[in-house]
Amino acid sequence: MNRARTYVTIALMVGALGAALSAQKVQITGAGATFPFPIYSKWFSEYNKKNPNVEINYQSLGSGAGIRQLSSQTVFFGATDGPMTDEQLQSAPGRILHFPTVLGGVVPIYNIPGLNTELKFTGPVLANIFLGAITKWNDPQIAKINPGVNLPATDITVVHRAESSGTTYIFVDYLAKVSPEWKKKIGVATSVNWPAGTVGGKGNEGVSGLVSQTPGAIGYVELIYAIQNKISYGSVQNMNGKFVKASTDTVTAAAAAAAKQMPADFRVSITNAPGDNAYPISSFTWLLFYETPKDKGQAKVMVEFLKWALTEGQKFAPDLGYAPLPKDVVDLEMKAIPKIKLG
Amino acid sequence: MMRDRWRRGLSHAVLIFSGASVVLALIPLALILFYVITRGVGALNLDFFRNMPAPVGERGGGMANAIVGSLIVTGLGSLFAIPIGVIAGVYAAEYRGTRFSSATRFAADTLNGVPSIVIGVFAYGIAVLPFKHFSALAGGLALGIMMIPLIMRTTEELLLLVPNTLREGALALGATRARAVFTVVLPAALPGIVTGILLALARIAGETAPLIFTSFNNRYFSTNVTQPISTLTVQVFTYAITAYEDWHRQAWAGALVLVTIVSLCSVLARMATARMERLHRGA
Amino acid sequence: MKNSRFSARPDEVFFRVGTGAFALLLIVIVGGIAFELGRQSSLSIAKFGWQFWQTDVWDPVADQFGARPFIWGTLYSSILALLISTPIALGIAIFISELAPQWLRKPLVFVTELLAAVPSIVYGLWGIFILVPVVRQLQLNTPAWLKSTPFFSGPPLGVGMLSAAIVLSIMVIPFTSSVAREVLKAVPQAQREGAYALGATRWEAIRMALFYARTGIVGAIMLGFGRALGETMAVTMVIGNSPQISLSLFSPQYTMAAVLANEFAEAAGDLYLSALVNIGLVLFVMTLIINTLSRLLIWSMARQKRPRLRRAALSEAGQAA
């Protein structure tokens, strides 16, 4: 009996100590997209080194979950790869603001044994492959844009994301812009009704895993996964007709063009962007804040963090495979930050 | 004579089959363990057990907070599930044949088939949403709900197999019903009940989905049960879906630590039960 | 509820109410989950009704949802897993409780439960990197005459129903096996000795023990089945996640638990969310139906007074003695 009482006392003390310690720090919770998790965790860590009493805790639940948690006010900020729709904004209890933080690119990965040249893709060709209209690698449509390449007669196995994801959203957003048939038949969402005979992989890792193991497979993943897993990815033809391979430079170039027509709320799609060097399947990723947050203390801290992330934080991006924001966009955002009411 | 040969032959065949099943089950186990160990042991160092998670590319990242967090959340879940599971099992066994006990059994079997994510969302609805924040307690609730059916059904099935003579003997000696069951019948079935509890623990130890929406995760060390807390499974999952080799290795190390902790618990619990049995028998 | 079998002594009443309260709590929790599932799928039920169980289309963009491919995938994968795992699990249980020498028992128990301790995400990753290539090789080497049957048709992807069934059965084995083992251990030794005294072979004595513990054995199998029905992470990594109805073991398919877990986090739009919860409700109802069927099975088994031994075998044994 005595032993049990000792244990209970110790447990209570530990719990109380934990509560007391955390009372002196500012602890902020955020949730959302999985894509920016690595760069955000780098940022929060670096920021915590400079400001040890600021503990920002971010978990990747997915863009949609982040939006829902933000609307339910179980977290202070959200993060999303696809901007909130008008309906989602309407159903939130307060006005929500979008702030782009970094850029990412989605690349078409493929596995053709024996092929050592890089493949070129155009938007319509990609759409036709994923629609199931092109079924073999040596199809004339692919051969036409890859002259001189020895394409085998292997069947194409299409791999897509099993679960809803921002990556899918970016990819199908692009396909809908370049293929009217895609737009009509399939549409744009974080999860779509893929044609029969395709396979769903779980997560970017799942898709790259499946593609790397299935000869003749094609899939789409965030750039960093193709690089880290050393899978071949093709270049894609952009609006200006140039075949561009994804890299932090070409993705940033896609955003630079968008800066000129940036809407005030920063909700913009930059797929199929103009510019010779622009990679066509690029996208912003956003942090979401309430215009009038309830907790002013946390709001002050997050505003300072945001300013740091948009300026100092950008230098950490390329090493981790993210494209930094172009300067014009950062300037626009710094001007918009005061919209978050701190008073 | 022929019949005898056939019967004996059949008996031998079954013995061989059951031995073969053991070997058959050991093959994937060995393969999986080999897989986890070879991938994870490389990232197991002192830092792993001492430090908090570090961003990609920085050395010395660890899962100290996740290890402690997992112990806390699993402990909370067990605190919730063991009393409910065992006592509900006692009711179902002792009052077998009544409609209420059938209903309880039915409810437990149904609950067992509910996917972990549904339970997570349920726990989210009652323990997170009303309070507007994630917490270790909510995670414990979700895990506890998942543990209950296994504990309850195992307790019930094993209590049913305790001979009635034991019950009657205790009652004949003047014990109250509660005393008879809890001091005589239950201890007789204890090793089996412990198996049920360990199975339930193993079941929830590897679960991610119910925790993501309840205990969330925490980059920092925390023992505050009313706040988000880090757990090994969520941390492993978070790392496993990224692209970085460094984080993958840590994820495997985390999985290895998890399997080791669960096995250790299993061994310790069995040892403790054996000791209790010996004391109980008066040896 | 007064039952004449049980006395009305105060300590009896206290015991009954006390323990009954916990049983009630369990029922309340399950009821609460059912209620929440029903409430949050009301939008979907209002729009689709019973058609939800019969339609094949799952289109979040066009807001058209049907659960039939997922129902198929769940049933097919779980039943396959049960068929594969039950004999093996019972074999292990029999071996450990009846046949293994004393020194081997504890290590074997430990090792069996180790299978249960592996997190499902590890099963999934092992599945996709080790099992799936092996299954792909199997598919490539399947003889053509098998490939023409509906069970083995389709391109050699590796991911699909077979991989999922194998992973599920490995995950289910420790549960069925551990409970069956404990149940067999609890069969009184006197029963076995009686069987041997009558001239039974090893297997016949074991069969008698299995019969004695039959409700527990069926309970063990049901626990394993429940585990298979609800497993998410490992399945979704190796099943191919393609909502199609196919008899082929090689075809990628999709289960209810998997689609729920995959799309729940990101589901925007109220109807979409409601349709997903509706799938959860469908799974819940299916579990209810399966449980009812197994209850009937147990009930009919419990009514059997003795195992249907071959009369001739008994009389032969009697003559030989």
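In this predicted model, C:Asp56 counts as partly exposed, its relative accessibility being 34%. The side chain of C:Asp56 meets that of C:Arg68 in a salt bridge, with a distance of 2.9 Å from N to O. The two residues belong to distant parts of the chain, 12 residues apart, since C:Arg68 lies in helix 3 (residues 68-99) of chain C, whereas C:Asp56 is found in the loop between helix 2 (42-48) and strand 1 (58-59) of chain C. C:Arg68 is likewise partly exposed, with a relative accessible area of 36%.

A salt bridge is also formed in chain C between C:Glu113 and C:Arg181, whose closest N and O atoms are 3.3 Å apart. Because C:Glu113 sits in helix 4 (residues 102-117) of chain C and C:Arg181 in helix 7 (residues 161-185) of chain C, this pair ties together parts that are 68 residues apart in sequence. Both partners fall below the 20% cut-off for a buried residue: C:Glu113 has a relative accessible area of 7%, and C:Arg181 one of 1%.

Salt bridges that share partners join B:Arg96, B:Arg105, B:Asp109, B:Arg153, B:Glu156, B:Glu157 and C:Arg295 into one network.

In chain A, the side chains of A:Glu312 and A:Lys315 meet in a salt bridge of 3.5 Å, taken from N to O. Here A:Glu312 is partly exposed, with a relative accessible area of 40%, while A:Lys315 is exposed, with a relative accessible area of 54%. Over all chains, a search of the whole structure finds 38 salt bridges, among them the pair A:Glu312 and A:Lys315.

Terms used:
Residues numbered from 1 in each chain as written. Chains lettered and ligands numbered in written order. Predicted model: local features only at pLDDT ≥ 70, side-chain atom pairs only at ≥ 80, totals over all residues. Heavy atoms only, no water. Salt bridge = Lys/Arg side-chain N within 4 Å of Asp/Glu carboxyl O. Buried < 20%, exposed > 50% of the residue type's maximum accessible area, 1.4 Å probe, protein only. Helix = DSSP H or I, 4+ residues; strand = E, 2+ residues; numbered from the N terminus.
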